[in-house]
Amino acid sequence: MRDLAAMLALWMGGATAALGAPAASSGFIVYKVGAGADCPYQAVQDAIDAAAAHPGTDLVWIAADQSYAGQHLVVTDQDLEIVGGFTDCDDIDPGLELTTLRGGDGHSVLEIEGTSHVFLSNLVLTGATMDSSHRGGGIYFGGQGALELSRTTVSFNEAGYGAGIDLNGGTGPATLTLDAESLILSNTASVSGGGIRIEGQARLFALQPRTLIAYNKAPNGYGGGIEVVGPGLADIGSPGYNGVPVVFDNSAAYGGGIDAYAVGDHQNATVRVFTTDPEHPTAISGNTAAQTGGGIYLKPLDDIDFSVASAVFCAYDFRIEDNIAQEGTAIYADDAQAGGVISGIGGSVFLNARAANGLCATPDSPALLGAFRCAADVPCNRIALNTALDPGGNPTGGSTILLQTAATFVADRIDVSESRGGHALRMLGDDDFAVFYLTDCLIADNALTGEVIARTDGDEGLMVIDSCTIARNDFPEAATLLAPGADFYLLNTIVDQPGHATVDPPVTNAAYIMSNEIASLPQRPDVVVGTPSFVDATHGDFHLRPESPGIDFAPVESSERAHPFDLDGRNRVVDLWDTPTEFGPMDLGAYEIQLDQIFPCARDDTIYCDGFEGE
């Protein structure tokens with residue numbers, strides 16, 4: 001992010017003002033635009049054109065002392081910083097003021113072409129109206145290079161694609177960086193990408209605080225807030241704006257919040273969400289899809305010419321809350337079709353996954369981009385309060401997470417709760433390549449019309465549920481889990497759903513289970529009937545009490561356990577010295593009881609923790 005104060009000090013110390021004379025090659029020129037007689041330029045485009053004759057990075061300063069209507073500004077093969085908010089052409093510090101650049105019919109407010117590096121600050125770009133064949137209402141970037149926004153609002157623009165911003169890295173790598181005070185608001189795409197659309201060798205960085213992508217629409221297509229078209233990559237880590245989540249209250253037919261769409265052979269479309277402020281996890285919240293994917297929609301590719309690519313969603317320490325769709329209210333991973341035939345390629349979802357087959361990996365991982373774990377006691381990794389409704393507001397049988405044919409779902413440490421619909425999670429089991437691997441999870445307090453977790457439409461693919469707590473869900477007289485097929489495994493789990501069978505049909509691959517009903521499970525000494533004692537289930541606390549059954553119950557799988565942490569992110573295996581061990585030191589369910597939960601003094605640096613320090 002640019003330091004505007006430092007830039008101003010540099011200019012005051014010897015940069016050349018634009019009065020028609022060229023600057024030295026090592027300097028830069030400030031081209032001032034405004035209404036006053038002392039302003040060298042009255043039109044912004046004239047200043048941009050003048051800067052084009054000067055090599056290097058130059059500045060265009062725009063005073064807010066006149067109206068800028070009908071703007072169609074074009075930057076081609078330039079390195080330029082465009083700053084608004086100045087009172088007049090004598091002003092050298094815009095402070096918090098903004099200059100509004102208003103577009104018109106048929107053109108972007110700002111069009112950037114060629115190889116360009118453009119920085120925008122203290123601006124509002126608004127009012128462009130373009131038809132369904134055009135891209136980038138507020139800003140269109142059609143070349144390579146970089147675009148950076150700081151204290152800039154892009155709002156109330158219309159276009160077919162990328163109504164707010166369309167970034168097309170078709171000729172080379174291009175980046176879009178949203179710094180603090182970047183607001184992408186109330187833009188409408190008639191096809192896709194209401195707020196932001198990135199395509200080709202393009203990358204979005206939305207990492208800074210006070211960033212907001214909200215109230216954007218793509219009512220007939222994809223990606224209300226953001227659309228990522230392969231091989232594009234979006235990195236989203238901002239805590240949002242004054243308590244409002246960074247991707248908030250956007251809407252589309254598919255992917256109300258974010259849509260990832262694969263279109264080229266081996267060119268995955270990838271979205272990564274992670275937290276940069278431990279006290280305020282990054283959230284995708286309040287978005288609506290008229291069809292599928294209220295929060296996230298993933299569309300992979302398998303074309304008739306055998307082109308294949310995945311649509312990938314990777315999230316680490318996050319929230320997906322309060323989203324609405326007919327199906328896949330939080331996440332919808334679609335299938336790919338080749339010539340109308342469903343293929344073996346599906347969307348890919350990795351939530352806190354330690355290994356994602358390279359699909360989430362890039363040379364600069366989220367950790368290098370400033371990612372943090374959520375702070376203790378901050379609700380995190382929640383997929384909650386999502387609701388299955390049709391556009392008329394009528395309830396549907398949609399799932400919170402829907403995984404179509406051949407999807408990959410690898411999730412560790414997630415809380416799926418307080419949602420309404422058909423199932424909490426549903427996987428279509430009609431393809432051998434389907435993978436569903438769920439560990440260290442809480443699934444609780446959902447109001448459902450079908451099973452809590454279901455494999456439907458076939459019995460193919462691998463389905464594993466390991467170290468989870470499934471409790472207090474409200475659903476009809478059905479089994480808790482619908483899991484036909486041999487490749488289903490239930491391990492180290494608590495099922496507290498009185499009056500319901502655990503699994504339908506009965507399964508053989510289950511071990512270290514405590515449930516209200518075990519007739520549907522194999523007869524083994526480690527599969528027991530029992531009722532857990534939770535700390536405060538009524539108020540959503542599903543940690544086990546020290547006296548609860550299920551503590552120190554299961555064996556440690558190995559020293560290289562694939563998921564070494566519980567849902568709180570704390571050590572998965574804690575052997576309590578005063579608790580009898582059943583089959584091993586690991587607790588059942590989503591949470592491992594910690595020593596400091598039993599002995600508060602264990603949180604301190606005391607030598608003794610038995611009450612005898614003074615003896």
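The model is predicted.

The chain is built from three helices and 55 strands. It contains 615 residues, of which 58% are buried. Among contacts between residues at least 6 apart in sequence, 75% join residues at least 24 apart. The accessible surface comes to about 22900 Å². Carbon and sulfur atoms account for 51% of that surface.

Strand 29 spans residues 311–316. This strand is mostly covered, with six of its six residues buried. Its side chains point in two directions. Ala 311, Phe 313 and Ala 315 point one way. Val 312, Cys 314 and Tyr 316 point the other way. Residues on both faces of strand 29 are buried. The strand also has two parallel partners, described in turn here. Strand 23, residues 269–274, pairs with strand 29 in the parallel sense over six bridges. In this pairing, Arg 272 stands opposite Cys 314. Strand 35, residues 348–351, runs parallel to strand 29 and is joined to it by four bridges. Here Phe 313 stands opposite Val 349.

Val 416 counts as buried because its relative accessibility is 0%, below the 20% cut-off. Leaving aside residues up to four places away in sequence, Val 416 touches Ile 383, Thr 400, Ala 424, Leu 442, Ile 443, Ala 444 and Asn 446. Asn 381 lies 35 residues from Val 416 along the chain. The C-alpha atoms of Val 416 and Asn 381 are separated by 8.6 Å.

The structure holds 20 salt bridges. Arg 382 takes part in a salt bridge with Glu 321, with the closest N and O atoms 3.1 Å apart. Arg 382 lies in strand 36 (residues 382–384) and Glu 321 in strand 30 (residues 318–321), so this pair ties together parts that are 61 residues apart in sequence. Arg 382 is buried, with a relative accessible area of 14%. Glu 321 also counts as buried, at 12% relative accessibility.

Arg 382 forms a salt bridge with Asp 415 as well, and the closest N and O atoms of this pair are 3.4 Å apart. Arg 382 lies in strand 36 and Asp 415 in strand 40, so the pair ties together parts that are 33 residues apart in sequence. Both Arg 382 and Asp 415 are buried.

Asp 440 lies in the loop between strand 43 (435–439) and strand 44 (442–444). Arg 572 lies in the loop between strand 55 (541–544) and helix 3 (595–598). The pair therefore ties together parts that are 132 residues apart in sequence. Both Asp 440 and Arg 572 are buried. Elsewhere, salt bridges that share partners join Arg 135, Asp 166, Arg 197, Glu 199 and Glu 227 into one network.

Empty space was examined next. Rolling a probe the size of a water molecule over the atoms shows where such space is left. The largest pocket has a volume of about 900 Å³. It is lined by 32 residues. Of these, Asp 377, Val 378, His 543, Asp 568 and Tyr 591 are the closest to the pocket centre. Strand 40, strand 44, strand 55 and helix 3 each give two or more residues to the lining. Strand 55 contributes the largest share, three residues.

The search of the whole structure also finds one cavity of 30 Å³ or more. The largest cavity has a volume of about 30 Å³. Its lining consists of Lys 32, Val 33, Trp 61, Ala 63, Phe 86, Asp 88, Cys 89 and Asp 91. Strand 2 (29–33) and strand 3 (57–63) each supply at least two of the lining residues.

Terms used: Residues numbered from 1 in each chain as written. Predicted model: local features only at pLDDT ≥ 70, side-chain atom pairs only at ≥ 80, totals over all residues. Heavy atoms only, no water. Buried < 20%, exposed > 50% of the residue type's maximum accessible area, 1.4 Å probe, protein only. Contact = heavy atoms within 4.5 Å. Areas by Shrake-Rupley, 256 points an atom, 1.4 Å probe, with all protein chains shown as cover. Pairing = 2+ DSSP bridges. Salt bridge = Lys/Arg side-chain N within 4 Å of Asp/Glu carboxyl O. 1 Å grid on protein atoms, 1.4 Å probe; cavity = no way out; pocket = protein on both sides within 12 Å on 5 of 7 lines; lining within 4 Å. Points joined across faces, edges and corners; volume = space filled by probe spheres on them.
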